[in-house]
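Subject: Structure handover and notes

Dear colleague,

I am passing on the structure we spoke about, together with some notes on what turned up in it. Please read the notes with the coordinates open beside you.

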Amino acid sequence: MDTDQQENVEAAFSLPNELIAIVFDELDVVSLLRCKQVCRLFHSVISTNVQLLYKTELFFGRLENGRHCNLDTAGRLRACRQYQQAWNNFSFPDSRFINMHDGQAWELSGGVLCQATQTGLTCVQLPCKIKDIPEREWTIKDFGFEIKDFTVDTSQELIVALEIVDAIPNRTCNVHLRTLMTGEHHPMAVVPFVTHLLSDMHEELRFLIQVCGSHTAVLCQERGDDPNSRLVVWDWKSGQQKLFIQDSDLRSFSFVTEDLLLVGIVAVASDETPPRLDILSIDSFSEDVEEYKDVNYICSLGYPKMKADVIDMLIRSEPTPGWSPSQTVQTPFFFARSDRIFTITMRVSPERNPTEECTILIIPLSTIMAQVELSCNTQKRIVPWTAWGPNGSYMLLRNPSDTWVCYVYGMKFIQLLPWKKGNSARVYDFNKHAARRDVRNEQTTEPKLLWKRLGMPQSLNSRCSAFAEEVYTYLPGRVATVEVMPSDASSHDWEAAMIGEDNIVLVSVHARKYGYIAM
């Protein structure tokens, strides 16, 4: 070490601890943890400074600092530690039953459970004492039309509600834009609703609706012989149509970013082409209708080769990118937008098995974005399963509800265990930082954590007959089996479990009840 370097080191060690902490706060957490190992002084500063400790806790919990909260940093640190401890131990002391209404449409988003009546909506904000979020109920009595389906975006206080007008062959769909608290026309929308002409071929339709920032997307799927699907994206604030594609192969979608869509494709006319997941850029489309064969997707992630017919595919991911808590909920922190998982639930009918099988493929956002970056100079890049799937995803043989589909949030996935009479659920957490911390604390934590680290890759083929090749997948993570609240109806067990950022929601259709447990 030369003289100048020696003087710089001595100068750094002579700074007050407060100034050293300010410098350290400019580092990312990985670099911060490395600095912690350099010397006793750095270790002491990083281990005692409240801001650096809070920054580290947010990193391990995959959390993001809230902007609308009156707590100081010390208070946020305490709440963050309590929050992670509650998930580690599944400590959910609050519970309540909620009556199920007769309407068919419902939504669980941003900690709010909404149920449609014929022309209105009832909403319950689920509580979280650690974040100082109270339970709150409100009702929108009459929208002025019958609600066919809807979704909500709590970060923008937005309801997107579908109204079916007239009948075949003049049937249209009005996509209404309302406020979440009052049901009035949303003040940020130039037009109160946009109109889309529906198919004149099929009476039965299924809708999938998502909101991401200024974009609203609606997938309309026909039921019956020779079905077709239409995916339309609007800028809901201006009312401008941004994308319109149609094809019978189009099965599901989810927002990756506000501009990128992940689209599930199952080739109806081909027995040999495996399903695939295409990534599209909304900005690359015009307002004209496009057949999917003409679409210039960025890249296509292939499934393993199959020996089964695909019955259905559903892509789920919550929250949508860019989501943050409403200003009315002054939460100290929330799930980080830097990564989340997508679940691709696929129901298949194997050749030699009379029973349907269902696989759930779990893909982190980081896996998808890595392939997008590799495709920056190439259109329609084909990525075979072996190039992305085995070490970038995790496949399960499970059978989740096809109705109560809010079984994923952030990096967590939940499924009720039917063989436990609906009293237990299995939760997967693909936050690799939490899994590593569990292993490090395994010998010192009392009581022992319920979580177990996910093991090494195993073949799915011994339990699943859908694939024509060996399927091995691996993601770092952890899994736990937990007891849920008992149903209050002795003759009806819980039938499905859903998960949010601060709670677990149970469903019993036969008992006409929801139940929630919250921290």
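In what follows, a residue is called buried if its relative accessible area is under 20%, exposed if it is over 50%, and partly exposed in between, with a 1.4 Å probe and protein chains only. Helices (H or I, at least four residues) and strands (E, at least two) are DSSP runs, numbered from the N terminus. This is a predicted model, in which local features need pLDDT of at least 70 and side-chain atom pairs count only at pLDDT 80 or more, while totals for chains, interfaces and linings use all residues. Residues are numbered from 1 along each chain as its sequence is written, and side-chain values use heavy atoms, with hydrogens and water left out.

Two strands are said to pair if DSSP finds at least two bridges between them, and strand 7 pairs with strand 8 (residues 158-165) in the antiparallel sense over five bridges. Within that pairing, Thr 151 has Val 160 of strand 8 as its bridge partner. The two strands form a hairpin with four residues between them, and Glu 157 in the turn has a positive phi of about 50°.

Which residues of helix 2 are buried? They are Ile 20, Ala 21 and Phe 24, and because they fall within an arc of 100° seen down the helix axis (the arc being that of the directions from the helix axis to the C-beta atoms), they line one face of helix 2. On the other side of helix 2, Glu 18, Ile 22 and Val 23 are exposed.

Helix 2 (residues 17-24) packs with helix 4 (residues 40-48) at an angle of about 75°, their axes being 10 Å apart; here axes are lines fitted to C-alpha atoms, for helices over the stretch in contact, and angles run from 0 to 180 degrees between N-to-C directions. The two helices are therefore roughly perpendicular to each other, on a scale where angles under 35 degrees count as roughly parallel, over 145 as roughly antiparallel, 65 to 115 as roughly perpendicular and the rest as oblique. Taking contact to mean heavy atoms within 4.5 Å, Asn 17, Ile 20, Ala 21 and Phe 24 in helix 2 meet Leu 41, Phe 42, Val 45 and Ile 46 in helix 4.

Five strands in the order 11-12-13-14-18 form an open sheet with mixed pairing, and its edge strands, each pairing on one side only, are strand 11 (205-212) and strand 18 (290-291). Strand 14 (residues 240-247) pairs with strand 18 in the parallel sense over two bridges, and Ile 245 stands opposite Glu 290 in strand 18.

Another open sheet of five strands has the order 26-27-28-32-29 and antiparallel pairing, with strand 26 (408-409) and strand 29 (452-453) at its edges. Strand 28 (residues 424-429) and strand 32 (residues 478-483) pair over six bridges in the antiparallel sense, and Ser 424 stands opposite Glu 483 in strand 32.

Individual residues to look at

Glu 318 is in the loop between strand 20 (308-316) and strand 21 (333-335), and at 12% relative accessibility it counts as buried. Not counting residues up to four places away in sequence, Glu 318 touches Ser 109, Val 408, Tyr 409 and Gly 410. The peptide bond from Glu 318 to Pro 319 is cis, with omega near -5°.

Asn 99 belongs to strand 2 (residues 94-99), and its contacts, leaving aside neighbours within four places in sequence, are with Gln 115, Arg 512, Lys 513 and Tyr 514.
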